[in-house]
Structure formats: structure tokens, C-alpha cells
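Thanks for coming. Please have the sequence and the structure open.

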Amino acid sequence: MLILLLFLLSPAVAVVERCHPEDKAAILKFKNSFSNGPQLLPMWTSDRDCCDIFDCDETTNRIIDFSLTNSNLAGTIPDVIGDLTYLKTLRLHKMPFLVGEIPRGPIPSSLATLPNMIGLDISRNRLTGSIPESFGHLVSPALQGLSLSHNMLSGEIPISIGKMKIYQIDVSRNNLSGDASMLFGAMKSTSVIDISRNNFEFDFSRVSFMEETLVTLDISHNKIYGKIPTQILKATMLQFLNVSYNKLCGEIPSPWKLRYRSEGFDNTSFIHNQCLCGSPLAHCK
């Protein structure tokens with residue numbers, strides 16, 4: 001009884017909400033921009049601390065990771081996502097009813113000013129249209145990856161994308177076309193390049209490779225022509241290679257001197273090209 005009395009007489013402890021008002025307003029607008037948002041996101045309410053839903057910075061209490069996966073939200077990417085100015089990671093992944101073009105106003109211009117962004121992943125949706133040129137102006141020095149794969153994007157890759165300092169880029173499984181050679185370069189530090197299953201068409205003979213950083217390279221299922229440059233043999237960190245289903249010709253370079261593979265690559269890395277030859281394919285005539 002004494003313990004209960006003391007509890008009743010003790011002052012109430014106020015719970016301080018961490019969520020920044022601007023971030024709360026942004027996520028509520030995001031929710032309400034979808035016709036089925038209120039039904040699918042019932043926990044996103046004005047009286048809920050958004051830092052209980054998303055990762056917030058311990059110092060600023062601003063949302064730094066906005067990730068939604070396997071959601072049936074129906075509609076287009078709302079402009080309000082650009083109001084989350086402290087984001088480090090934006091991930092909208094496997095949302096089959098997320099449709100329409102990647103917006104060209106508020107979203108790209110806002111994202112371009114986010115200084116802490118480390119990753120942008122809007123893969124496995126149903127996005128259409130072309131890649132905004134402003135995506136190549138993301139200024140964050142910490143940016144690690146850009147993933148736009150498994151959408152219905154079309155057009156050419158903006159030249160500005162090729163000027164980015166980025167470690168991983170994945171635009172696979174779209175309907176992109178034209179020249180993607182700007183993604184390559186001996187002076188770059190990219191570790192993963194995946195442009196597979198598109199309609200890219202450029203001379204592979206003219207590209208150069210990241211000798212100390214390139215780990216994964218997949219250019220398969222395109223219309224890329226020319227030879228495989230012998231300089232690829234200097235990419236000693238390479239662990240995965242697929243150049244199959246293109247229009248490549250000439251002799252496959254060898255011998256490989258790979259740090260983390262005891263052997264070179266088998267025939268599945270090179271099959272279904274116009275006239276590639278040499279090990280592991282048939283001998284050159």
C-alpha cells in the first residue's frame with residue numbers, strides 16, 4: 001500500500017518526442033499522397049514519434065534513413081520526399097504499384113543538396129521515363145550507391161551520371177539505350193557496374209577499367225560491340241564478369257591475374273556474342 005501511495009504521489013514523467021516537426025509533416029504528407037496510404041501505413045500518425053518508425057540521428061533527431069520495401073502503395077513518388085533534408089539513405093524497393101516517371105522538380109533538386117546521402121535505391125518498381133540529369137549532381141561525398149534496376153526506365157544515361165564519384169551503380173533490367181561508356185574510366189573508384197538487360201550500344205574497345213577497385217561488371221544482354229580491351233586483365237580485384245549476349249568480337253584477353261579467384265571466368269561469361277573467340281570459348285581461327 002505504501003509503495004502504491006508513493007507511486008501515485010510521484011510527479012508524472014514527461015515523454016519528450018524526438019521527431020522533428022518538419023520531418024513529421026513530410027512523412028504524413030508522403031502517406032496521404034497515396035490513395036491507399038492511410039490503410040497501409042496506419043502507424044504513421046501525428047501522435048506517433050517518427051523516430052520510432054525511422055532511423056533518426058541521435059544528435060539532430062532528423063530522419064536519416066527512409067526505407068520502404070515490399071509495399072503495395074499505389075501512385076507516383078511524391079515531391080515531399082525531398083523535404084527530408086537530412087537523409088543518408090532513401091530506399092523504395094519492390095513496390096509493384098509505384099508507377100510513373102521519376103519526378104523532375106522538387107525531388108532531384110532537393111536530393112542534389114543532401115550532404116549526407118550514402119545511398120539511393122528505387123529499384124524493383126514500375127518507374128518509367130528517363131533518368132533525370134540532376135541525379136548526376138548529388139553532392140554528398142559519402143554517396144556509395146545508386147540503384148535504379150528492375151524498372152521500365154528508357155532513354156540514355158545522362159552524361160552527368162558519368163561524372164559522379166560513386167562506388168556502385170546498378171541500372172539493370174530497364175529499357176535504357178545509347179552510350180554507357182561514361183560509367184567506365186581508369187581514374188574512377190567504382191567497384192560495381194551493372195548495366196545488364198538494356199539496349200545499350202557502344203564500342204567496348206574504347207573503355208578503360210578501374211584496376212584497383214572493380215569487383216563486379218555485368219554488361220550482358222545489350223547491343224555492345226567491339227573488342228574486350230586487354231587492360232581488363234589489370235583489374236585484379238574482379239570477382240564477377242558477364243559480357244554475354246552482346247555483339248563483341250575478337251580474342252578474349254588472357255591470362256587473368258585475379259587476387260580473389262584461383263581461375264579465370266567460364267564460358268557463361270562470354271557466350272552469345274557476335275564473334276568472340278579464345279579460351280574459354282572456341283579457338284580463334
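The largest nonpolar core has 72 residues, and those that touch the most other members are Phe30, Phe66, Leu92, Phe184, Ile195, Phe204 and Leu217. By nonpolar core I mean a set of buried Ala, Val, Leu, Ile, Met, Phe, Trp, Tyr and Cys residues joined through side-chain atoms within 4.5 Å. Buried is under 20% relative accessible area, exposed is over 50%, and partly exposed is in between, with a 1.4 Å probe and protein chains only. Two or more residues of this core come from each of α2 (21-32), β2 (63-69) and β3 (89-93). These elements are DSSP runs numbered from the N terminus: helices are H or I with at least four residues, strands are E with at least two.

A word on the source. This is a predicted model, in which local features need pLDDT of at least 70 and side-chain atom pairs count only at pLDDT 80 or more, while totals for chains, interfaces and linings use all residues. Residues are numbered from 1 along each chain as its sequence is written, and side-chain values use heavy atoms, with hydrogens and water left out.

Leaving aside residues up to four places away in sequence, the contacts of phenylalanine 66 include Ile27, Phe30, Trp44, Phe54 and Leu92; contact here means heavy atoms within 4.5 Å. Phenylalanine 66 is buried, at 0% relative accessibility.

Next, the aromatic pairs. There are 10 in the structure. Rings of Phe, Tyr and Trp (its six-membered ring) pair if their centres lie within 6.5 Å; planes under 30 degrees apart count as stacked, over 60 as edge-to-face and the rest as tilted. Phenylalanine 54 and phenylalanine 66 are a stacked pair, because their ring centres are 4.9 Å apart and their planes are at 15°. Phenylalanine 54 is in the loop between α3 (37-40) and β1 (55-56) and phenylalanine 66 in strand β2, so this pair ties together parts 12 residues apart in sequence. Phenylalanine 54 is also buried, at 5% relative accessibility. How are the rings of phenylalanine 184 and phenylalanine 204 arranged? Their centres are 6.0 Å apart and their planes at 80°, so that pair is edge-to-face. It links the loop between β10 and β11 (192-194), which holds phenylalanine 184, to the loop between β12 and β13 (216-218), which holds phenylalanine 204, 20 residues apart. Finally, Phe30, Phe34, Trp44, Phe54 and Phe66 form one aromatic cluster.

Now the sheet. It is open, with 3 strands in the order β8-β10-β12 and parallel pairing. Strands β8 (154-155) and β12 (199-200) are at the edges with a single partner strand each, so one side of each has no neighbour in the sheet. Two strands pair if DSSP finds at least two bridges between them; β8 and β10 (residues 175-178) have 2. Serine 154 is opposite asparagine 175 in β10.

Last, the backbone. The peptide bond from serine 254 to proline 255 is cis, with omega near 0°, and proline 255 is in the loop between β16 (247-251) and β17 (275-277). Histidine 272, in the loop between β16 and β17, has phi near 55°, a positive value in a residue other than glycine. The bond from serine 279 to proline 280 is cis too, with omega near 10°.
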